[in-house]
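Here are some questions and answers about a protein chain. Each answer sets a value against a rule and draws the conclusion.

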Amino acid sequence: MKPENKLFYTISIASLLIVLVVLTISSSFPFKSWIFATIFPKTNSNAASGVLVSEPILPVSYWEEKMLSEVWPESSYSSTRCKQMSEAAGIESVALYHMNDCIDGMTAMFEATGKTQYLDRALSYVETIIGKATLQSDGYYDWNMPTLEEGHSWRTVVRMLRVMRETLVIYNNSTYRVKYNQILAFSEKHIFEKNWVRSSLAVVEGGISDGSIYRSRTHMASHWAMIAMELAIITENQTWKPRYLEVFNRINQDMRPYRPSSLREQLELFPGTTDTAIFHDEWIRKYILLGERTQTAYDAEGYHPVSDTHHGQDTIGYIVEGRNVGIYWNDGDMKRLANLFKNITWDGNIDNPQYGKWLDRTGEGTEGCIEEGFMMLGRYDGLVQKILQHDTPSGCSPVNFYGQMAVNAAILTNTKPATDPLPRPTYAVPLKPSAVSELTISTDCSHPTLATVEAGGYWRGFAHGIMNPKGVKIRVTNGAGYLAIWNGEFVYRFNRQLPYAPEWYIYDQYDDFSLYNSSSSFTVEICHGGDNDAWYGKIMEGPSLSPTPSITNVPTPTPSVSITVTPTPISTGCQNIQRINVAQGGHWYASEHGITNPSGFKMQRGRNSIPISVAKWNGSIYQYTYQIPLEPNWDTYQFTSDFYLYGNNQGAFSFSYCADFFDALTPTPTTIIPNADINHDGNVDVFDLGLLAGNYGKTITSQSNDIERASDINNDGVVSIFDLGILVSRYNQ
């Protein structure tokens, strides 16, 4: 080649390279993304690092100016949107769902600057939302929205509360303290407790709770992990604090039997790496590498091979928050997630960052919104922050984007206002079942086997040779023990509290079972009342399993008011099953229906009804309670005293009943005779007259005590001359 030609080609190639570089840097070049994807098809770190390393971290003032100019004015789109959504929280589920951006963004800007105007606006949103909640029949407030909406928004509310609690200038201010206490009380009772109780009581087909807390996707469960974590830090309620930690621990590490995995188990290493995380959002699936990122994001069976970026960020956001507060999640987790963002999800475009629709950037389409999760990683990785400095919150929430970027900047530049962190609660690592001793189940119930179960431990029939434990008798002697039916697939059908000695619970099902108590240890007596087979078992330690809350301190019923059923004779032989409907707040009282010795009495509740509790009554107090099973299972009532069925004001319920054997069946009169035996001593005498006189003229309310309610014999709401007349007519009868 001639020297002049060689020079020509050299200049031409150099010019072409310069043009490509210029075009690549230009945001208007349409092939920019293609060039980055071609040169760096699997990782972007080499491309980005060299360009961004020398860039400075933009200060907090930069992001606050963005907030004040674009978001803060009440006339701005973002401000109007947040205000309108807070007011529509009780009407539109999408409004409640997306309030998290508005609340968290303002809280974050307060964290970064210490200026209370941002906290005040976050508080105004929360107070407006709470004001839209309405009282439900079970005594809890809500917005008649799915649990997902509540969890998604309230994770940011409890984070706001922790920030307030750990900022002493706020917490020690009387005005803020009132707001803090009110919102915390609402959060504990009408968010967490409500969903825990409803989840525990709601039993669906197949037997497991409805998943209000242990949700079916990683991002939905992460909402409740974050709520539980923040409440565990700030709560003063020692009764519920163990429950918060239990939920937090389970979702992090082991949700069995509710779900077959955990967030820790879902996090995997991206194939071919040692420091990059990836995860699937379904508990039953693991990440599947599909190859080239242009491939359609479905595997051969039609499932997504990985979490989508939009929802995956909720999961990541919770994990980052766990690291923020210093509980469980660590710097190694932050590094692996930051590498996922930098090397996999981000497309390598510096001027106009784009992110894969799926976390591994497979499939078509992009995700333009990085306002949570990945964005929060900027406080642990300066390069992530610098990439995001080139981004704009187009199509996302600028409120949260600017707020979180400001917190990142404050932490990275060491300018974040000082706080006074509360002590972090210790958390227990859930134990896998492990045998610690063996025992033989006695076949002589006069000398039953004693088995002590530690708090949080369980004794499981399935693991101990009791594959068909019909005839096994169980009772507890100190503390409440709970029994759960087990189908071999980590699914509970229902929970029941075992009776205290000297009563026995006769286990007549054909399924496996577990005994447990998540709050305290208990001793259980076990024997087999049937054949002489050698039944044996092992005491097990394992994860605490949450029982259905027992119903205690139920007020003495007033039958003529509460009974809402027509007395019907019991059918014998269970040929003609009786079905009864009881209205909300009502109960069904056996002795008022001629059932004074109900041995052999069988009960089952309707499939769609709420849990119905049975209480043995001794004339003054309930001795214990347990739930009757869903159809088609029957509970054979073995006791020889009166009893009540009640729904604990949860709502109307229905049940079926019959009797295979009945000692004394007395048809119930159509007219219920009021009970004038106020002190329940078996006589209507001068003592009852004295009690009535002492309460004469009183109005009966829900706060009235048992004697006051019993003095209102005709149940008309006031102790009057009519009640005196009834008592006199029955005096010494």
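Confidence, burial and salt bridges

The model is predicted, and its chain averages a pLDDT of 74, with 65% of the residues scoring at least 70.

Q: Which contacts does the model have over residues 462-468, where the pLDDT is below 50, and how many are there?
A: Beyond near neighbours in sequence, residues 462-468 have 24 contacts in the model. Residues 485-495 also stay under 50 in pLDDT, and the model has 44 contacts for them beyond four places in sequence.

Q: What makes up the chain in terms of helices and strands?
A: The chain has 21 helices and 24 strands. Of its 733 residues, 54% are buried.

Q: Why is A418 called exposed?
A: The cut-off for exposed is over 50% relative accessible area. A418 has 76%, so A418 counts as exposed. A418 is placed in the loop between α17 (398-412) and β7 (434-441). A418 and E166 are 252 residues apart in sequence, and their C-alpha atoms are 9.4 Å apart in space.

Q: Why is H190 called buried?
A: Buried means under 20% relative accessible area. The value for H190 is 10%, so H190 is buried. H190 is found in helix α10 (residues 174-201). Leaving aside neighbours within four places in sequence, H190 is in contact with G139, Y140, Y141, E150 and A185.

Q: Why is L689 called partly exposed?
A: L689 has a relative accessible area of 30%, so L689 is partly exposed. L689 lies in helix α19 (residues 686-694). Together with V686 and F687, L689 makes a nonpolar surface patch of about 280 Å².

Q: What makes the phi of N144 worth a remark?
A: Most residues other than glycine have a negative phi. N144 is not a glycine, yet its phi is positive, at about 55°. N144 sits in the loop between β2 (141-142) and α8 (147-165). With a relative accessible area of 56%, N144 is exposed.

Q: Where is R361, and is R361 buried or exposed?
A: R361 is found in the loop between β5 (355-356) and β6 (366-367). The relative accessible area of R361 is 12%, so R361 is buried. R361 also has a positive phi, of about 60°, although it is not a glycine.

Q: How do you know that K66 and E70 form a salt bridge?
A: The rule asks for a side-chain nitrogen of Lys or Arg within 4 Å of a carboxyl oxygen of Asp or Glu. For K66 and E70 the N to O distance is 3.6 Å, and their side chains meet in a salt bridge. The two residues are separated by about one helical turn because they are 4 residues apart in helix α4 (residues 60-71). K66 is partly exposed at 22%, and E70 is partly exposed at 36%.

Q: What makes the pair E230 and R162 a salt bridge, and are its two residues buried or exposed?
A: The N to O distance is 2.6 Å, and the limit is 4 Å. E230 has 0% relative accessibility, so E230 counts as buried. R162 has 6%, so R162 counts as buried too. The pair links distant parts of the chain, with E230 in helix α11 and R162 in helix α8, 68 residues apart.

Methods
Residues numbered from 1 in each chain as written. Predicted model: local features only at pLDDT ≥ 70, side-chain atom pairs only at ≥ 80, totals over all residues. Heavy atoms only, no water. Patch = residues over 30% accessible without salt bridge, like charges linked within 9 Å, V, L, I, M, F, W, Y side chains within 5 Å. Areas by Shrake-Rupley, 256 points an atom, 1.4 Å probe, with all protein chains shown as cover. Buried < 20%, exposed > 50% of the residue type's maximum accessible area, 1.4 Å probe, protein only. pLDDT = per-residue confidence, 0-100. Contact = heavy atoms within 4.5 Å.
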